[in-house]
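Dear colleague,

I am passing the structure below on to you, together with some notes on what came out of going through it. Please read the notes with the coordinates open beside them.

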Amino acid sequence: MNYIKLIFCFSAFLIPIFLFYSASSAHPGQTFEVNVDWLPILKSPTDSAEIVGNLKRGDKVTAFKEQAGWLQTYYQGREVWVLSKHLLPMEEQETFLIEGLLVGYTIIIDPGHGGKDPGAIGSNGVLEKDLILNSSLKIAETLRQAGANVILTREDDSFVSLKNRVLIGNKHNTSAFISIHYNAFSESYVGGFSTFYNQSGKDLAHHIQTALAAEIPLRNRGISPGSFTVLHESNFPAILLELGFITNASEVATLQTESYQEQVARAITIGLIEYFWD
Ligand SMILES: [Zn+2]
């Protein structure tokens, strides 16, 4: 399936792991192929930097950053650079796996509302809680493919109190807590996505919002501190995502597509990898 275009990872040892991410001028998830016989992998983006490995023709690289003719990727768990002039952009259909890049991290995915609490009601009748659950299960699946230990605060249409959601986070060695919501407003033209964060979650919010902005076709409403219970009672980096307005008729149609749901799952995974690896 063309569902996650991620990274490739040949095997657990010796073999390079290359990450993907959108460079400012490249489009999201852009992957490149090496078109020279030998391409050194350097520790920093200068010709005189230490060589830490090499790539051969046909190897694939996905860039995290682009800087003055250099592309940044990851190699054996560290940030490295390669000259971009020897890389050709690849077609989108390549399928990669992000095996292992989130191993050792416990991510709490908190699907908002549920059970007797439907959340907001969309302009087409969709319930926020249902769309949230669909998104959350997909996000969890993608994060698990990257090796994360994922805990959902609800996995079905059950009611979980806000206190209990925080308690679930506190019970584990939580690396990041991500609450999933959709937004609503009385004026149907209002749209876009935003991220709210707690005291220790600003950097996490920044990475996730940036990754989302690169992937999803909605207006970027930015990040801001939030006073939601799941945020201010958490003692770990916690964010709350509002992934679009279900009260906006054209926006909700987008939100309900499979491709939007996939983009969200991929963006959150990318954002977390960037956050932890930065
Ligand atoms: Zn909500």
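What span should the 14 residues of helix α3 (residues 202-215) have at 1.5 Å a residue, and how far apart are its end C-alpha atoms? The expected span, which counts one less than the number of residues, is 20 Å, and because the end C-alpha atoms of α3 are 20 Å apart, the two values agree. Please bear in mind throughout that this is a predicted model.

Among the contacts between residues at least 6 apart in sequence, 73% join residues that are at least 24 apart.

Returning to α3, 10 of its 14 residues are buried, so this helix is largely enclosed by the rest of the structure. The buried residues of α3 are L204, A205, H207, I208, Q209, T210, A211, L212, A214 and E215. The elements that cover them include the strands β13 (176-183), β14 (193-197), β15 (220-225) and β16 (238-245), and also the helix α6 (258-277).

The largest nonpolar core has 54 residues, and within this core the residues with the most contacts are I107, I178, I239 and I268. Helix α6 gives the most to this core, with nine residues. If the neighbours within four places in sequence are left aside, I239 is in contact with I178, T195, F196, Y197, G201, L204, A205 and I208; of these partners, L204, A205 and I208 are among the buried residues of α3 listed above. There is also a second, separate core, which has 16 residues and includes L39, I41, F64 and Y75.

The remaining notes concern one of the sheets. It is an open sheet of three strands in the order β6-β3-β10, and the pairing is antiparallel. Its edge strands, β6 (60-62) and β10 (87-89), each pair on one side only, while neighbouring strands of this sheet are turned against each other by 35° on average, with direction ignored. Strand β3 (residues 31-34) pairs with β6 in the antiparallel sense over three bridges, and T31 has T62 in β6 as its bridge partner.

With best regards

Note on methods. Residues are numbered from 1 along each chain as its sequence is written. This is a predicted model: local features need pLDDT of at least 70, side-chain atom pairs count only at pLDDT 80 or more; totals for chains, interfaces and linings use all residues. Two residues are in contact if their C-beta atoms, placed from the backbone, lie within 7 Å. Helices (H or I, at least four residues) and strands (E, at least two) are DSSP runs, numbered from the N terminus. A residue is buried if 20 or more other C-beta atoms lie within 10 Å of its own, exposed if 12 or fewer, and partly exposed in between; C-beta atoms are placed from the backbone. A nonpolar core is a set of buried Ala, Val, Leu, Ile, Met, Phe, Trp, Tyr and Cys residues joined through C-beta atoms within 7 Å. Two strands pair if DSSP finds at least two bridges between them. Axes are lines fitted to C-alpha atoms, for helices over the stretch in contact, and angles run from 0 to 180 degrees between N-to-C directions.
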